[in-house]
Amino acid sequence: MSTDDAQLVTRRTLLAGVGALGLAGAAGACSNEGRGGTAEGNAGASGSVRPTYVRYTGVKPDLAGAEYDIPDAFNRYPGSPVSAITKPPGDGKPIEVLTYTNTPIPPKLEQNRFWQEFNKRVGSPVSVSLTPSVDYNKKFATSVAGDKLGDIFMVGSVPQIPQLLEAKATDLTAHLSGDNIRKYPYLANLPEVGWNSCIFGDKIYGVPIPRGAISSQALYSRADILEKQGLKAEVKNVDDFVELCKQLTDKRQNRFALATAPTLFVRNMFDIPNTWSESGKSVVSYLEHESHEEVFEILRKLWTSGYVHPDAFSGQNQDLKVRFGNGSSPLVVDTFSGWPSYLQTAVSKEAQIAIVPPPKHDGSGKGRIWMGAPAIGFTAINKKSEGRVEALLSYLNFLATPFGTQEYLFRKFGLPVVHHTLVDGNPVLTERGFSEIQLGLMYQADGPWTIFLPEKEGNSEVEFNAMKQTCPEALTNPVAGLYSETNVRKGPQLTDDMNQVTDDIIQGRKPVSAWAAAVKKWKSGGGDQIAEEFTKALEASR
Amino acid sequence: MSRVDQLTEGKRRQVLVGGMPMPGRPERIGKAVFLTIICGLVVFPFIGVISTSLATPEEVIRAGGFVMLPTHGIDLSAYRSILSGGTVTQALVVSAFITVVGTAIALLLTCTLGWALSRRGTFGNKALLLLVLISLLFNPGLIPSYLVVQQFGLLNSLWSVILPVCVSAFNVIVVRAYFIGLPSEVIDSARIDGASEWKLFWYIGLPLSKAVVAVIGLFYGVGYWNSFFGALLYLNDSSKWPLQLVLRTYVVNGVEIGAQDLGGAGEALPPQTSIQMAILMISVVPILCVYPFIQRHFAKGVLTGAVKG
């Protein structure tokens with residue numbers, strides 16, 4: 001390599017790098033003020049630009065969830081799926097996508113029948129740059145700095161998102177606002193609240209990956225184990241719950257009632273608000289709620305009595321599924337979306353899952369769970385690809401075709417025989433299918449979540465009913481999808497610190513009184529500022 | 001045991017081991033027990049990994065995550081499933097390429113630089129050494145590194161994983177110290193016989209420094225074999241990914257308890273533990289095979305450099 005090559009690293013590039021460094025958060029606690037550009041937060045709900053919600057009615061669910069604000073449920077995959085798209089969405093030119101994945105990577109294009117067929121159906125060769133989800137923010141930060149975002153990119157969690165979108169993403173308002181979205185009927189079918197996180201200063205910058213109720217956390221129980229002991233998957237108050245845990249714990253059999261500390265479940269019994277709550281004109285963090293000390297007393301009791309698995313605070317997420325699956329911990333707190341993985345890890349055929357709804361701590365009624373975030377992220381279209389925006393939106397529209405359509409069946413299960421076989425009329429992935437379909441499509445755009453559990457007969461209905469029972473009264477987060485700069489910069493660290501204190505208190509390493517001090521530190525360390533920014537964003541969204 | 005001497009001292013025959021009197025039986029038994037326990041502690045997790053990779057998924061879950069001895073016979077399905085798709089075998093080839101080529105380039109650059117810095121009177125010797133030392137103290141950071149790689153046109157090429165890390169300042173210092181320690185008489189006599197600087201390095205310096213070259217070769221080799229972060233940033237095409245990054249996509253679901261908000265990691269079905277362990281075996285075994293051949297140089301190589309630095 002010659003020195004001429006080295007000179008390619010020009011002064012301008014270095015300056016750009018330094019700028020990008022600031023973007024990636026290395027600049028620490030710089031203030032936003034006086035930076036120019038639109039430092040506006042996302043004024044989510046502004047009526048004028050919101051895409052119209054047009055529900056897709058082409059497929060009739062077995063159990064309709066709309067009126068309870070929960071996903072539709074299906075017992076079987078529709079026998080003759082409808083075709084939702086008439087012509088391939090692509091424009092023939094390559095589509096490059098940057099997103100993350102939670103599964104092993106697929107074989108390369110030449111060896112991947114699914115990918116080849118996918119390109120044919122899209123009408124454009126699609127290349128996906130995948131990154132394990134835990135590393136995505138770093139990949140995203142460097143891709144922003146190097147201007148290598150592809151045509152479509154999942155927006156990572158880096159500071160100064162509004163400025164970033166303004167500089168790098170296509171303004172989609174003209175294509176998606178109001179009735180314009182009808183041109184993309186499957187994007188119009190995405191739940192309304194999901195769009196909050198994509199709207200910044202009256203401009204739409206992306207397409208959400210919707211979640212909502214399905215991401216709410218609840219207490220799973222192994223109904224078969226409970227039944228064997230003559231117990232029921234319901235509790236009336238705190239004492240009832242502690243008693244249930246006691247009954248389910250059997251140290252001689254190496255069985256502990258809870259796979260992990262049921263922190264959220266106990267908080268739900270005290271109606272502690274979902275992350276933030278409105279108080280007059282401002283928002284207040286759930287951390288400041290007055291019942292935390294009582295909550296901790298209960299959790300400490302569960303821990304010291306040995307009802308919580310000793311490895312509850314170490315190890316990996318997967319261990320929870322294993323402990324639940326082999327019955328060594330018949331209770332675990334997890335999201336409703338985790339249901340299929342619990343069915344998969346169940347070793348005994350008799351294993352049954354039931355949800356234990358939280359009661360009020362004093363037995364005076366029902367407790368309230370926390371409603372999951374409306375979206376887990378959103379994808380934007382590169383400003384450089386603005387000329388192709390219609391083809392790219394059509395591509396996303398194709399990816400958002402809902403459950404019950406041919407396109408959905410192909411996207412999630414590939415081709416018949418090669419990638420899936422039909423068992424009782426339901427598609428089941430073959431090993432080759434599982435390995436080839438992992439193109440990260442569900443993190444580019446996706447239809448609304450559907451409850452479909454072919455793994456075990458009748459479970460779709462069980463999950464649907466459990467959600468119907470708990471979700472309509474779930475506490476929502478008033479600032480979900482809104483943007484706070486300080487929250488992006490300092491939020492993760494502050495949350496880590498609070499989680500650490502929570503764990504320490506439950507395990508008795510710190511007294512319950514340490515909570516108040518920790519909250520005070522949280523407030524002064526950035527919490528107050530986050531609250532202030534969310535208050536402003538909330539006000540602007542109305 | 002390097003040397004056993006027997007000497008008669010008074011009436012009692014005393015056995016000397018390496019110049020030291022051999023300890024009594026209880027002490028030897030104590031040491032044996034202690035060393036067995038330590039070895040057991042080291043070997044135990046390996047046995048767990050091997051057994052789990054050979055166990056059926058049901059057995060793994062029944063056992064709570066790890067199987068120490070598979071009771072239902074050996075099940076190779078985990079290995080079959082990861083080797084059948086072609087992704088892992090290809091990643092193995094990529095990793096082997098990166099390791100072999102990377103180590104060769106790294107050794108060449110490190111040894112030549114170490115030689116130049118060890119010779120008095122090299123042009124810019126002090127300044128160059130200072131630059132090397134500075135790179136020990138300061139890290140360029142994520143984004144500047146990325147931009148440099150991008151400007152050199154290396155993105156999405158395997159060279160992006162090899163070149164940015166092919167000179168490690170620590171190894172340069174170790175090699176330089178070793179070269180300084182070589183007897184100057186040998187080098188001087190070679191020079192009198194008319195050897196050029198290159199010949200001095202190639203025919204005198206390097207052959208006398210096999211130990212240190214073997215050691216830093218192992219450092220580089222293991223470093224390249226284990227590296228995944230560069231590939232994560234620079235390689236967009238996942239068919240070019242090395243084994244360790246592919247392995248990461250298998251275990252990404254195993255994020256820590258409580259970290260549920262990381263991109264919905266809990267949504268995907270976790271890969272079976274036996275598959276994770278099988279892929280772990282595939283990534284560890286090649287290095288384990290190389291290690292014994294280089295190990296004998298290990299202590300010598302590092303210590304010599306360190307003491308005479």
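Two residues count as being in contact if their C-beta atoms, placed from the backbone, lie within 7 Å. With that in hand, look at chain B of this predicted model. Among its contacts with a separation of 6 or more, 69% are between residues 24 or more positions apart.

Chain B contains 14 helices and three strands. Of its 309 residues, 34% are buried.

## How confident is the prediction?

The complex comes with an ipTM of 0.82 and a pTM of 0.86 from the predictor. For chain B, the mean pLDDT is 83, with 85% of the residues at 70 or more.

Where in chain B is confidence lowest, and where is it highest? The lowest mean, 46, belongs to strand S1 (residues 4-9) of chain B, while helix H7 (residues 159-162) of chain B has the highest, at 96. Take care with residues 1-11 of chain B, where pLDDT stays under 50 and the model has twelve contacts beyond four places in sequence. Residues 254-263 of chain B also have pLDDT below 50, and the model gives this stretch 25 contacts beyond near neighbours in sequence.

## A sheet in chain A

Now for chain A. Strands of a sheet pair through backbone hydrogen bonds, either parallel or antiparallel. Here, three strands form an open sheet in the order S11-S8-S12 (chain A), and the pairing is antiparallel. Strand S11 (331-335) and strand S12 (353-356) of chain A are the edge strands, each pairing on one side only. From one strand to the next, the twist averages 45°.

Strand S8 (residues 217-222) of chain A is joined to S11(A) by five bridges.

Key
Residues numbered from 1 in each chain as written. Chains lettered and ligands numbered in written order. Predicted model: local features only at pLDDT ≥ 70, side-chain atom pairs only at ≥ 80, totals over all residues. Helix = DSSP H or I, 4+ residues; strand = E, 2+ residues; numbered from the N terminus. Buried ≥ 20, exposed ≤ 12 C-beta atoms within 10 Å, placed from the backbone. pLDDT = per-residue confidence, 0-100. Pairing = 2+ DSSP bridges. Axes fitted to C-alpha atoms, helices over the stretch in contact; angles between N-to-C directions.
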